[in-house]
Amino acid sequence: MKAEYKVNDTELAASVFLPFVNQIWQGDYDIERTQIALSKTLNITAYDNEMPVGCLRILTDGYFFGTITELLVLPEYQRQGVGSKLLELAKENTPTMLYFGAQPGVEGFYEKNGCQKSLQSYTIDKAK
């Protein structure tokens, strides 16, 4: 599979992103709020014939801090180098160190791609 990669994919529309995300994280996402969220991140995408198959989003201040909000690859495109290429492009195209959390069970993928275990992460749930 020969994917086309885009760094800083400012044309990524919520109408395209949401069907992609719902194949990985099922949810009832608001299209307008999703578009606003996409506009606030550096989006690095992978396409197969104009269909999104992978996306890595970075939230950054451009100087001190950057965090990978998510790295998503469609299940049928996993283990084909898409996620590794997205991480490589993130490393090459961000001015900061990158921090992120990993889902349990995928630590080996990140270690294989040169990522080092760092600080333990915590969450603060928004009061309901």
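Which residue of β4 does threonine 60 stand opposite? Threonine 60 stands opposite glycine 66 in β4. This is a predicted model, in which local features need pLDDT of at least 70 and side-chain atom pairs count only at pLDDT 80 or more, while totals for chains, interfaces and linings use all residues. Residues are numbered from 1 along each chain as its sequence is written, and side-chain values use heavy atoms, with hydrogens and water left out.

Helices (H or I, at least four residues) and strands (E, at least two) are DSSP runs numbered from the N terminus, and two strands pair if DSSP finds at least two bridges between them. Strand β3 (residues 51–60) pairs with β4 in the antiparallel sense over seven bridges, and arginine 57 stands opposite glutamate 70 in β4. Five residues lie between the strands in this hairpin, where glycine 62 takes a positive phi near 85°. β4 also pairs with strand β5 (residues 98–99), in the parallel sense and over two bridges, with glycine 66 opposite leucine 98 in β5. Because seven of the eight residues of β4 (residues 66–73) are buried (under 20% relative accessible area, with exposed over 50% and partly exposed in between, for a 1.4 Å probe and protein chains only), this strand is largely enclosed by the rest of the structure.

The open sheet has five strands in the order β1-β2-β3-β4-β5, with mixed pairing. β1 (4–6) and β5 stand at its edges with a single partner strand each, so one side of each is left without a neighbour in the sheet.

Helix α1 (residues 14–21) and helix α2 (residues 31–39) pack at an angle of about 100°, with their axes 9 Å apart; axes are lines fitted to C-alpha atoms, for helices over the stretch in contact, and angles run from 0 to 180 degrees between N-to-C directions. The two helices are therefore roughly perpendicular, a term for angles of 65 to 115 degrees. Contact means heavy atoms within 4.5 Å, and Ala14, Ser15, Phe17 and Leu18 in α1 meet Ile31, Thr34, Gln35 and Leu38 in α2.

Asparagine 43, in strand β2 (residues 42–48), counts as buried because its relative accessibility is 3%. Its side chain reaches the backbone oxygen of leucine 38 at 3.0 Å. Beyond its neighbours within four places in sequence, asparagine 43 is in contact with several residues, including Lys6, Leu12, Leu56 and Arg57.

Notes:
Parallel < 35°, antiparallel > 145°, perpendicular 65-115°, else oblique. Polar contact = N/O pair within 3.5 Å; in protein donor to acceptor, adjacent residues only side chain to side chain.
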